[in-house]
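Subject: Structure for your review

Dear colleague,

Please find the structure below, together with its sequence.

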Amino acid sequence: MTDIFAFALGTTRNDAAGAPLDCFFPAPIMSPEPEVVAAIAAHFKPGVTSVSCETARAYAAATGTTANGTTTALIESDMALTAVVLHEDTPITSTQEAYLKLHLLSHRLALPNTLNLGDIFGHLPNVAWTSEGPCHIQEMAAAQLAALRAGRNLEVFSVDKFPKMTNYVIPPGVRIADASRIRLGAFLGDGTTVMHEGLVNFNAGALGPNMVEGRISQGVIIGAHTDLGGSSSTMGTLSGGGAITISIGEHCLIGANAGTGIPLGDRCTIEAGLYITAGTPVSQLDEFGGITLRKARELAGADDLLFIRNGQTGRVECRPNRKAIELNTQLHKHN
Amino acid sequence: MTDIFAFALGTTRNDAAGAPLDCFFPAPIMSPEPEVVAAIAAHFKPGVTSVSCETARAYAAATGTTANGTTTALIESDMALTAVVLHEDTPITSTQEAYLKLHLLSHRLALPNTLNLGDIFGHLPNVAWTSEGPCHIQEMAAAQLAALRAGRNLEVFSVDKFPKMTNYVIPPGVRIADASRIRLGAFLGDGTTVMHEGLVNFNAGALGPNMVEGRISQGVIIGAHTDLGGSSSTMGTLSGGGAITISIGEHCLIGANAGTGIPLGDRCTIEAGLYITAGTPVSQLDEFGGITLRKARELAGADDLLFIRNGQTGRVECRPNRKAIELNTQLHKHN
Amino acid sequence: MTDIFAFALGTTRNDAAGAPLDCFFPAPIMSPEPEVVAAIAAHFKPGVTSVSCETARAYAAATGTTANGTTTALIESDMALTAVVLHEDTPITSTQEAYLKLHLLSHRLALPNTLNLGDIFGHLPNVAWTSEGPCHIQEMAAAQLAALRAGRNLEVFSVDKFPKMTNYVIPPGVRIADASRIRLGAFLGDGTTVMHEGLVNFNAGALGPNMVEGRISQGVIIGAHTDLGGSSSTMGTLSGGGAITISIGEHCLIGANAGTGIPLGDRCTIEAGLYITAGTPVSQLDEFGGITLRKARELAGADDLLFIRNGQTGRVECRPNRKAIELNTQLHKHN
């Protein structure tokens, strides 16, 4: 019997031609125990399959506690179900598989940058996400007219390949002030608050606890107790950014309107309004008054650095960071 | 008979266990006249109580014009009502009380920083705000499944302690391009336009008229005819900011992508892209060519200052502001 | 027979007093061929008129293929219809005319800055855009109460003169991560992706293909293959900006948190975090080591420029741009 990399049972919504628009997997699993592997193998074919309720019930009976309440309710609901069985973490070959991997990330079963998301853009349809559910772009005109005639307001929230996370997964212990800015596939650790100006792409995230008022680009991870100030930026690799994948360690503060194009270690601060790119010349000041000129990329990943732009000389400077940022406990203790 | 600090009659939505999720108070009042105090005292107990329609009608009859149309309609609606009677402005002890105070701010009955909001985080539950109303986080899985089975789309707009203002209060004379960015408890004065990039936290606001395309952090107030450019930042005290509560006077302009960590007086300008923090060394130029080096915090609250970063020297400079910003009248006259 | 500048057939939603709140025109046309001009003239009066289904059917029969599927369906729907016939592009005199012009822009029938939008603010009512459709501000209290009594959640998305584009027009070949940030009247060319932090005002746009993670202010146009980084700013002329209307050529990159107050030609780059205003003194470096000091406005519209702030001297510099930005093809090919 082969291993199972990931498995989920859920529902698929299709367009008029029967092509999948999205999937909802309430309780995906990764690397299950041998007895679960056996039950999956006994009931489901590899890849994506439509599943009868009888099959789903038989699987649930065989695994017992594996299925959570939602999955059980799903099975009892007599809706058409979709099973996805992945034996290996290979590039994505279907919409359902893409949704499974995005769910794994948002359910905190996999960290960003640990899944093979190859060709994900090619397997996610561009969908109009409306108040009546996902709708194929070509079917929108008819849907708008039908709503108009019936006196309903059809609200179009987004036109995108990726849906928003909270319609599929609400991880415990988080606050998200504006859910339209968190894509499915974001990883939000326990104790994370994302304010209205925060933004988290798929395959990116905050390990928690964190206060996120800035943008976490695709591939970027920020460590525990790190704070992204309002409109702060973590440079991505997809568009305009460089080739370095950014990560930020623990107890860092990226100030409001600041940004970084280099990875940072622990206890680093970038002052409000300063953007450090990989090529920025940085004057590093040591504790004895010495100054060394470096490219910012040479400082990538280092701990205990404070970056400022000197207000008298305009010089970008880096000093030992004497005061690590303490997140406001009042804000965090009630997550 | 004791005084009454604040009073409201409204509705409460509860979770499955009967705990309050939110309250809607269409016409809260503060420091009422003696005859209203008498009517309140005659019909309602102090604190939070459930109220019968008979009681509410008797109160409405006793006060006559005090109740506005919505309150009257509410009373006539035969819905279960909630009364909140506060004799003093003490720290918050219940969800209903928190909602009353947030309503007072958004109804412009109290200015930011004038109410005791102590322990508000502790008394606001973290709620999933959905297209079907507020939902306890633990009840979301069941709600999602029920919607799915019924073919409805359950949209989750936010997962937060604070709801958005416009679902409860739309103050007259404002425009709000993206309502998801204004929390209940924001104070928006008459003639205020908040563009899509604007953001106003609870206990914060714009006295009006104003053009807000930047972020007004908790505790921050901006004066009349002041303009916050796109993505501009007013540093808060909760997370990463300092201990100084920021306020900005009248006829100021904080440029796009600029920010301030110090309070400003009237007729001040910070040029686009410049962030002034309390510790920024600022070279103050007087009209006779003299230069004085100051920390920005020494300039806190001063009038008629123009802050720039010199493009030749990188030095942060402050000069007398010869041209106060005039807000575009075309934009404002149609509020 | 006079010419016809623009024509549309659609629906109008009114407030309780019968005043128009919005219009939906599924297939507006501009400068039609003579035979269509004749058919319009034969069936509709100039300006805004209510139209019977018989008239609409007779017009559709006369023009045949002019009406697209949605218009035909609209005509067959027996809904009350609105016709708008404009002989000339004069200042706006009605809500319906304003909506027609905004539709023309979003349907890509007219480029930004080519239509007479005079007095548009005066003819667009300030509307509460809710989950149950547009609602007059004065009618909101009653609408909220009615929803509450019926157990429905009334979501208020925005309070504004301009609605969001996607509820009226979804141009082909675009992705829009957060539709609340694109106003009706935005022009989004084929192949344009607007990420969550992107924002496009009315009478503004991207010719496509583009990656937009910044703000396109009213009147601003960006050329093909130009990339606006996260939170980047194009200075508008309405509020706080100067008198110069900004445009950006092709193959430019405005870095994250950067901004421009001058128009740019082709293949220009502004580094992340740098804001160029018209008055910024810029040291222009040529390829032979020469330096010329200029005001940024003298460089307006020039090609092949790279703007940075020197990290050692704080000086704003401009050099020949050796590397034009190539947009990530993976991101764009699946639009």
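A salt bridge is counted where a side-chain nitrogen of Lys or Arg lies within 4 Å of a carboxyl oxygen of Asp or Glu. Please bear in mind throughout that this is a predicted model.

**Salt bridges within a chain**

By this rule, the count over all chains comes to 39 salt bridges. One of them joins the side chains of Arg152(B) and Glu132(B), with N and O 2.7 Å apart. This pair links distant parts of the chain, as the two residues are 20 residues apart. Arg152(B) belongs to the loop between helix 6 and strand 8 of chain B, while Glu132(B) belongs to the loop between strand 6 (127–130) and strand 7 (133–136). Buried residues are those under 20% relative accessible area and exposed ones those over 50%. Arg152(B), at 40%, is therefore partly exposed, and Glu132(B), at 38%, is partly exposed as well.

A second example lies in chain A, where Arg13(A) and Asp22(A) form a salt bridge whose closest N and O atoms are 2.8 Å apart. Here Arg13(A) is partly exposed, with a relative accessible area of 25%, whereas Asp22(A) is buried at 2%.

**Where chain A meets chain B**

In this interface, 52 residues of chain A are in contact with 45 residues of chain B. The two chains bury about 3900 Å² between them, and 53% of that area is on carbon and sulfur atoms. Arg175(A), His196(A) and Gln312(A) supply 15% of the area that chain A buries against chain B, more than any other three residues.

Three salt bridges are counted between these chains. Among them, Glu155(B) meets Lys164(A) at 2.9 Å, N to O. Glu155(B) is in the loop between helix 6 (140–149) and strand 8 (156–160) of chain B, and Lys164(A) is in the loop between strand 8 (156–160) and strand 9 of chain A. Both Glu155(B) and Lys164(A) are buried. Another salt bridge between the chains pairs Arg181(B) with Glu197(A) at 2.5 Å, N to O.

There are also 22 residue pairs in polar contact between chain A and chain B, with both residues at pLDDT 80 or more. On the side of chain A that touches chain B, the elements giving two or more residues are strand 1 (6–14), helix 3 (69–76), strand 9 (174–176) and helix 7 (329–332). By class, that side has 19 nonpolar, 23 polar and ten charged residues.

**Where chain B meets chain C**

Here the contact takes 50 residues from chain B and 46 residues from chain C. Three salt bridges are found across this interface, and the side chains of Lys164(B) and Glu155(C) meet in a salt bridge at 2.8 Å, N to O. The residue pairs in polar contact number 23, both residues being at pLDDT 80 or more.

**How the copies are related**

A rotation of 120 degrees, with 0.0 Å of shift along its axis, superposes chain A on chain B with an RMSD of 0.0 Å. The two copies are thus related as by a three-fold rotation axis. In chain A, the C-alpha nearest the axis is that of Gly314(A), at 2.2 Å. Only 17% of the interface residues of chain A are also interface residues in chain B, so the copies meet through different surfaces.

Yours sincerely

Terms used. Residues numbered from 1 in each chain as written. Chains lettered and ligands numbered in written order. Predicted model: local features only at pLDDT ≥ 70, side-chain atom pairs only at ≥ 80, totals over all residues. Heavy atoms only, no water. Contact = heavy atoms within 4.5 Å. Buried area = accessible area lost by both parts, 1.4 Å probe. Polar contact = N/O pair within 3.5 Å; in protein donor to acceptor, adjacent residues only side chain to side chain. Helix = DSSP H or I, 4+ residues; strand = E, 2+ residues; numbered from the N terminus. Nonpolar A, V, L, I, M, F, W, Y, C, P; charged D, E, K, R; others polar. Least-squares fit on C-alpha atoms with pLDDT ≥ 70 in both. Buried < 20%, exposed > 50% of the residue type's maximum accessible area, 1.4 Å probe, protein only.
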